[in-house]
Every structure is written in C-alpha cells, then in structure tokens.
Amino acid sequence: MPLDSTSSTHPPHDSGYKLLFSHAQVVEDLLRGFVGEDWVEDLDFSTLEKVGGSYVTDDLRDREDDLIWRVRRQGEWLYVYLLLEFQSTVDPWMALRILVYTGLLYQDLIKSGEVRSGQKLPAVFPLVLYNGRSRWTAARDVSELIEWLPGSLKRYHPAQRYFLLEEVAVSEADLTDPQNTVVNIIRLERSAVPADVRRAVSQLLKSLPGPASASLRRAFVVWINRIVLRRLMPGQDIPEVNELQEIDTMLAETVEGWTKQWKEEGLQEGLQQGRQEGRQQGRQEGESALLQKQLERRFGPLPNWVHERLGQAPPEQLETWGLDLLDAAGLDEVFKAH
C-alpha cells in the first residue's frame with residue numbers, strides 16, 4: 001500500500017481507516033487493549049472527544065491520515081495524536097515528523113486561546129499505527145536522529161518519543177478479547193479467506209448491538225466492503241451492502257459459489273494434467289495441486305507430511321479437505337478429523 005503520508009491524494013484504504021478511528025469506542029479500545037501503560041487506567045473515557053477544526057492548524061488539517069483526540073486524565077486534558085501510517089516502506093524520519101506535529105498542535109492551542117499565558121501546555125501522547133508488511137525499523141525517539149552533544153551541551157538535546165502499534169508484530173495472544181474493535185480490525189486485516197471475515201463480522205454483530213453502535217457498524221461495513229473484500233476477491237463484482245448481517249449472508253453465498261468453482265477448476269486442471277494417464281488420475285492430481293496452492297496461500301510453506309497426504313488422498317478426500325479449509329484456523333483443523 002504505497003503512500004506518501006504528506007500527499008494530498010489518499011487511497012480509499014486510508015479514508016476507510018480514518019472513518020473507523022473517528023469513533024470514540026475504537027480509540028478507547030486502542031488505548032485500553034494495545035497501549036498497556038499504567039496511565040491509561042487514569043483516563044476518563046466518558047470525556048473522550050475528537051478535536052475539531054478550530055483547534056487544528058491548516059498544516060495539520062491537510063494531514064488527512066492523522067486524527068487528534070483529547071481525554072481527561074486526573075482533571076487535565078491529554079491529547080492523543082493518532083497517526084495512521086500506510087506506507088509500504090518505513091519512514092526513517094517519523095520521530096522528527098511527530099516532533100513537528102506536536103509543536104504545531106501546541107502552537108494552535110495557544111493561538112486559539114485554549115492555553116493562556118501562565119498555563120502549562122497539555123500532555124500529548126503520539127501514537128503511530130503502522131500496517132505495512134515490512135517490520136518497523138525507524139528511530140522511536142527524535143533524540144536518536146540527532147548528533148549527540150558532549151558535556152553540558154546535552155541539556156539542549158531535544159527528545160520526544162512516540163508509541164508504535166505495529167500490526168504485523170501483534171501476536172495471537174494480544175488478540176484474545178473478542179469485544180475489542182481493534183482486535184477485529186487486525187483480524188480483518190489478516191483475513192485470508194471469506195470464512196475469516198465471517199468470523200470477525202459475527203463477533204462485531206455481538207459487540208456492536210443496538211442503535212447506539214449504528215454509525216460504527218456502518219463504518220465497518222464501508223471498510224470491509226470496499227477494502228477487505230476487494231483484497232480477498234480481486235476482480236469480483238462485490239455488491240454494496242448496508243449492514244454487517246448482509247455481509248455475512250453475502251459471504252455465505254460466496255463460499256458456496258467458490259466451492260463449486262474450486263471443484264470445477266480442480267477437475268479441469270486434473271483433466272489437463274492427466275489426459276495421458278486417465279481421467280481419474282488426472283482429476284486427483286489436479287485437485288491435489290489446487291488444494292496445495294490454497295493451503296500455501298492461507299498458511300504459508302507446507303510441511304512434508306501435508307505434501308505426502310495430498311499425494312496419497314483420493315479425490316473425495318481432497319474435496320473434503322478443501323471444504324474444511326474454508327473454516328479452519330490452522331493446518332491441524334483441516335486434517336485432524338480425517
């Protein structure tokens with residue numbers, strides 16, 4: 001997902017993400033579930049509010065991939081600067097960007113009269129949410145980017161650190177709370193087949209009930225429909241839907257259609273590969289080759305025992321495994337019952 005974060009042209013993935021993180025519940029789930037620092041317990045989340053345009057300079061307003069929230073902590077405002085980073089490559093100057101954006105925010109708070117002479121500036125918590133596939137290697141503190149000053153000059157050395165949530169580094173152990181909306185966002189990002197999306201959608205339906213969650217449900221619908229499903233089903237005509245339940249229904253029908261298509265593809269590939277060896281053997285080799293590709297795409301490189309079982313299984317067994325693959329979370333679940 002290449003992106004220059006300072007560009008005025010933003011792919012739909014970015015606007016979809018911004019729509020999700022424009023909801024207070026998602027920001028609260030992000031802080032509670034993934035920051036894990038003691039001060040989070042002191043936050044009064046009932047005061048959480050997105051900072052409006054009157055507090056944001058023109059420089060910040062142009063940064064459509066950033067969001068600024070504030071929340072009361074022990075009676076004082078804490079500003080949460082949320083930077084959504086969708087670059088395919090790591091920005092080595094991120095720490096400097098954070099320092100500049102924080103300074104611009106402070107400058108605007110003074111200009112708007114939010115902070116007056118004699119008052120202290122509010123605390124700012126900078127959080128970078130990065131969903132690139134390559135690991136994040138950039139400096140986390142601006143002091144790491146500056147030549148170190150010797151002796152008494154050290155006191156003039158600037159320092160500011162940002163918190164990094166690197167999606168690729170989040171472990172399964174960190175994704176155990178099904179009620180956390182950010183957990184479901186990450187699971188949807190990692191979805192490899194429609195069954196993965198259906199599981200996340202099912203959980204969202206349980207955790208976002210009633211009229212109060214209607215706007216957030218709609219934000220998930222837009223993001224799933226336009227981003228997640230288009231990634232899973234490239235080139236497919238995906239109808240626009242309005243409710244999460246409609247996505248679940250549509251995916252159920254899609255899985256059924258895909259199953260039929262995979263059977264036909266397996267038969268065709270088998271017939272082509274095995275024309276000289278007979279229809280039955282060709283069908284078996286074709287279905288085995290197709291299932292192997294599907295398993296590799298879902299779970300990565302396969303161990304030798306999987307190749308052996310695929311090579312020995314009759315077509316009926318391969319078809320059963322292909323169906324089990326749609327709902328399995330791992331290789332063991334595909335093969336354990338057979």
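Predicted model: local features only at pLDDT ≥ 70, side-chain atom pairs only at ≥ 80, totals over all residues.

Modeller: Helix H2 (residues 24-35) lies across E1, E2, strand E3 (76-85), strand E4 (123-130) and E5, and runs at about 135° to E1. Helix H4 (residues 94-111) also packs on the sheet, where H4 touches E2, E3 and E4 and makes about 140° with the direction of E3. Touching rests on contact, meaning heavy atoms within 4.5 Å. Axes are lines fitted to C-alpha atoms, for helices over the stretch in contact, with angles from 0 to 180 degrees between N-to-C directions. Helices (H or I, at least four residues) and strands (E, at least two) are DSSP runs, numbered from the N terminus.

Residues are numbered from 1 along each chain as its sequence is written, and side-chain values use heavy atoms, leaving out hydrogens and water.

The sheet itself is open and has 5 strands in the order E1-E2-E3-E4-E5, with mixed pairing; two strands pair if DSSP finds at least two bridges between them. Strand E1 (43-50) and strand E5 (163-166) are at the edges with a single partner strand each, so one side of each has no neighbour in the sheet. On average, neighbouring strands are turned by 25° against each other, direction ignored. E1 runs antiparallel to strand E2 (residues 66-73), and 4 bridges join them. Opposite Arg70 in E2 stands Glu49.
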